[in-house]
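Biologist: Could you take me on a close look at a single part of this model, the pockets and the helix that helps to line them? I would enjoy one connected account.

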Amino acid sequence: MGKTGESGAVNALHDEHIYMTVKSLLTILNKMRSDRLETWSDKLKGISKMELHILLLVQAQPDIVLGEIKDRLDVPNSTLTGVIDRMEKQGLARRTISPRDRRSYGLELTEKGKEVRKEHDRILLMLASNMLDPLDDRERTTFIRLLSKIADNMHPGGE
């Protein structure tokens, strides 16, 4: 085969790998219902992905200020304000004056917010376990190594 033929075969194989990856990812995501985590737990009913992300940010960095949350999520002030208003109405968090920067507001998780975070963590661990269950120990090690490599080297936003 000449170079053109080899290149075409490589491209066809590459395209087939992409197709198989998409098909497998969509199947996994569908089975995980990651778009609707409330299917795994009533405690997550009505909680948006952005709200969960904010709960995670506040749990990980309790002195975080709203401006830092806005920057991390890359959302306008108005969007963040609306989400935090909903979180306060749901009893997940409350605005506080930041002890680090008294001119700024931070967030404090309520007991309900902490429970939701714990429940989300429980669901994530269960989903990860479900993904690993079909694999033997050697396959799990390989899968985790490859998944970590993808996570470490994948460009955000399809760049």
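Modeller: Gladly! Let us start with the lining of the largest pocket, to which α1 (3–32), α5 and α6 (137–153) each give at least two residues. Please keep in mind that this is a predicted model. The space in this pocket comes to about 800 Å³. Its lining is made up of 23 residues, and those nearest the centre are Leu25, Ile28, Met131, Phe143 and Leu147. Sorted by class, the lining holds 17 nonpolar residues, four polar ones and two charged ones.

The second largest pocket has about 190 Å³ of space. Around it stand Ile28, Lys31, Met32, Trp40, Leu127, Asn130, Met131, Pro134, Leu135 and Phe143. Here α1 and α5 are the elements that contribute two or more residues. Eight of the lining residues of this second largest pocket are nonpolar, one is polar and one is charged.

Now to α5 itself, a helix of 22 residues covering 111–132. From first C-alpha to last, α5 reaches 32 Å, close to the 32 Å expected at 1.5 Å a residue. Its buried residues are Gly113, Val116, Arg117, Glu119, His120, Ile123 and Leu127. These lie on the same side of α5 because they cover an arc of only 165 degrees around the axis. Leu127, one of these buried residues, is also among those that line the second largest pocket. On the face of α5 turned away from the buried side sit the exposed residues Glu111, Lys118 and Leu125.

Key
Residues numbered from 1 in each chain as written. Predicted model: local features only at pLDDT ≥ 70, side-chain atom pairs only at ≥ 80, totals over all residues. Heavy atoms only, no water. Helix = DSSP H or I, 4+ residues; strand = E, 2+ residues; numbered from the N terminus. Expected span 1.5 Å × (residues − 1). Buried < 20%, exposed > 50% of the residue type's maximum accessible area, 1.4 Å probe, protein only. Arc of directions from axis to C-beta. 1 Å grid on protein atoms, 1.4 Å probe; cavity = no way out; pocket = protein on both sides within 12 Å on 5 of 7 lines; lining within 4 Å. Points joined across faces, edges and corners; volume = space filled by probe spheres on them. Nonpolar A, V, L, I, M, F, W, Y, C, P; charged D, E, K, R; others polar.
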